[in-house]
Protein chains: 2
Amino acid sequence: MLDLSLIKFDQNGLIPVVVQDIRTNEVLMLAYMNQESIKLTLETGYMHYFSRSRNKIWKKGETSGNFQKVRSLYVDCDGDAILAIVEQTGVACHTGNKSCFFTNFFGQDKKSEVDILFRLIETINDRKR
Amino acid sequence: MLDLSLIKFDQNGLIPVVVQDIRTNEVLMLAYMNQESIKLTLETGYMHYFSRSRNKIWKKGETSGNFQKVRSLYVDCDGDAILAIVEQTGVACHTGNKSCFFTNFFGQDKKSEVDILFRLIETINDRKR
C-alpha cells in the first residue's frame, strides 16, 4: 500500500490528477485532489476531487450521476501527479462531451488534418537542416 | 487556429500538460508549459516544457534523445489544462520506464489485483446499502 507521505502536494495542498477511461483509454479530464479527497476515493472506490473554484471536496457525478469508479491509481516518478484509471458512467465533461479535451489547437477535431500540419512542420524543419 | 488568449495560465504563467502516446494510448507524463514553450512546440513540432525545478524551458529529449513529436494538442473545456498526443522516441521517464506513472497506490503493477481490491471495496459498500 502506498505511503501517502510520498505524495507531494503543492503549496495549496493539492495534486493534479489525470483521469483515463479504462475502456477506451481516452484521457477524460484533469482535476485536483487534496489528502481528504484521496482518502474518500480509497474508502469509497469512487473518484473524489477538490474543487479550486468552489473550494470544497466533490464526488464526481454527485449532481450529474456521471460517477467514476476507480480501477487503478498511480503516482508519477516524482510524486507530484496522479493517474486514475476509471470506469466512467456517462460522460466526464459538464459540456456533455465524453472528454473535457475536445477542443484542439486548430479549431477542429479531425486528428488527421492536425497530423498533416505537424508532418508539414516536420518536413519544413528537415529541409532547413 | 486556437487563440492562445483562451488558455488560462496559473499565477506562475504555467499550464499543466497531460502527455499521451499516440501508438499505445498510454499516459506518459504530466508536465508544465508556459507561453514560450507552447510557441516553441508549435514552431518545431516537438514538445517543449517549462521546468519548475530548473526554472527554464526545455525541449523533451534534449539530453536523453527521447524526443516527443507532436501529433495533436487539445485544451480542456475551461482552458486550464492541455492534452498532447505525441510520438514518443524511446521512453518518457528519466527512470527508464516508458511512462512516469509506474507506481501504483498498492505497490505493484498488476492491474488485475488492484481491480480485485476495488471490486472488493465496491462489494462491501453495496452490502452496506
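Select A:Gln20 and A:Asn25. The backbone oxygen of A:Asn25 lies 2.9 Å from a polar atom of the A:Gln20 side chain. That is a polar contact: a pair of N or O atoms within 3.5 Å, where within protein one must be able to donate a hydrogen and the other to accept it, and residues adjacent in sequence count only if both atoms are side-chain atoms.

Before moving on, note that this is a predicted model: local features need pLDDT of at least 70, side-chain atom pairs count only at pLDDT 80 or more, and totals for chains, interfaces and linings use all residues. Residues are numbered from 1 along each chain as its sequence is written, chains are lettered from A and ligands numbered from 1 in the order in which they are written, and side-chain values use heavy atoms, with hydrogens and water left out.

**Stop 1: around A:Gln20**

A:Gln20 sits in strand E1 (residues 15-21) of chain A. Helices (H or I, at least four residues) and strands (E, at least two) are DSSP runs, numbered from the N terminus.

Is A:Gln20 buried or exposed? A:Gln20 counts as buried, at 4% relative accessibility. Buried means under 20% relative accessible area, exposed over 50%, and partly exposed in between (1.4 Å probe, protein chains only).

Now show the neighbours. Leaving out residues up to four places away in sequence, A:Gln20 touches residues of chain A including A:Leu83 and A:Ile85, and also B:Gln20, B:Asn25 and B:Val27. Contact here means heavy atoms within 4.5 Å.

**Stop 2: the sheets**

Switch to cartoon. One open sheet has 5 strands in the order E2(A)-E1(A)-E6(A)-E5(A)-E7(B), with mixed pairing. Strand E2 (27-33) of chain A and strand E7 (103-104) of chain B stand at its edges, each with a single partner strand, so one side of each has no neighbour in the sheet. Two strands pair if DSSP finds at least two bridges between them.

Select strand E5 (residues 68-75) of chain A. A:Tyr74 stands opposite B:Asn104 in E7(B).

Next, the other open sheet of 5 strands. The order is E7(A)-E5(B)-E6(B)-E1(B)-E2(B), again with mixed pairing. Strand E7 (103-104) of chain A and strand E2 (27-33) of chain B are at the edges, and each has a single partner strand, so one side of each is left without a neighbour in the sheet.

Select strand E1 (residues 15-21) of chain B. E1 runs antiparallel to E2(B), and 6 bridges join them. B:Ile15 has B:Met33 as its bridge partner in E2(B).

**Stop 3: a hairpin in chain A**

Go to strand E3 (residues 48-51) of chain A. Both faces are covered: A:His48 and A:Phe50 on one side, A:Tyr49 and A:Ser51 on the other, are all buried. In a regular strand the side chains alternate between the two faces of the sheet.

E3(A) and E4(A) run antiparallel, joined by 4 bridges. A:Phe50 has A:Ile57 as its bridge partner in E4(A). The hairpin has 4 residues between the strands, and A:Asn55 takes a positive phi near 55°.

**Stop 4: helix H1 of chain B**

Select B:Ser37, B:Ile38, B:Thr41 and B:Leu42. These are the buried residues of H1(B). They line one face of the helix, because they fall within an arc of 135° seen down its axis (the arc of the directions from the helix axis to the C-beta atoms). B:Gly45 follows H1(B) and has a positive phi, near 80°.

**Stop 5: salt bridges**

A salt bridge is a side-chain nitrogen of Lys or Arg within 4 Å of a carboxyl oxygen of Asp or Glu.

- Select B:Lys39 and B:Glu43. Their closest N and O atoms are 3.2 Å apart. The two are 4 residues apart in helix H1 (residues 35-44) of chain B, about one helical turn.
- Select A:Lys39 and A:Glu43. This salt bridge is 3.3 Å, N to O. A:Lys39 is partly exposed at 43%, and A:Glu43 is partly exposed at 44%.
- Select B:Glu87 and B:Arg23. The closest N and O atoms are 3.7 Å apart. This pair links distant parts of the chain, 64 residues apart: B:Glu87 is in strand E6 (residues 82-88) of chain B, B:Arg23 in the loop between E1 and E2 of chain B. B:Arg23 is exposed, at 56%.
- Finish with A:Asp21, A:Glu26 and A:Lys98, which are linked in a network of salt bridges.
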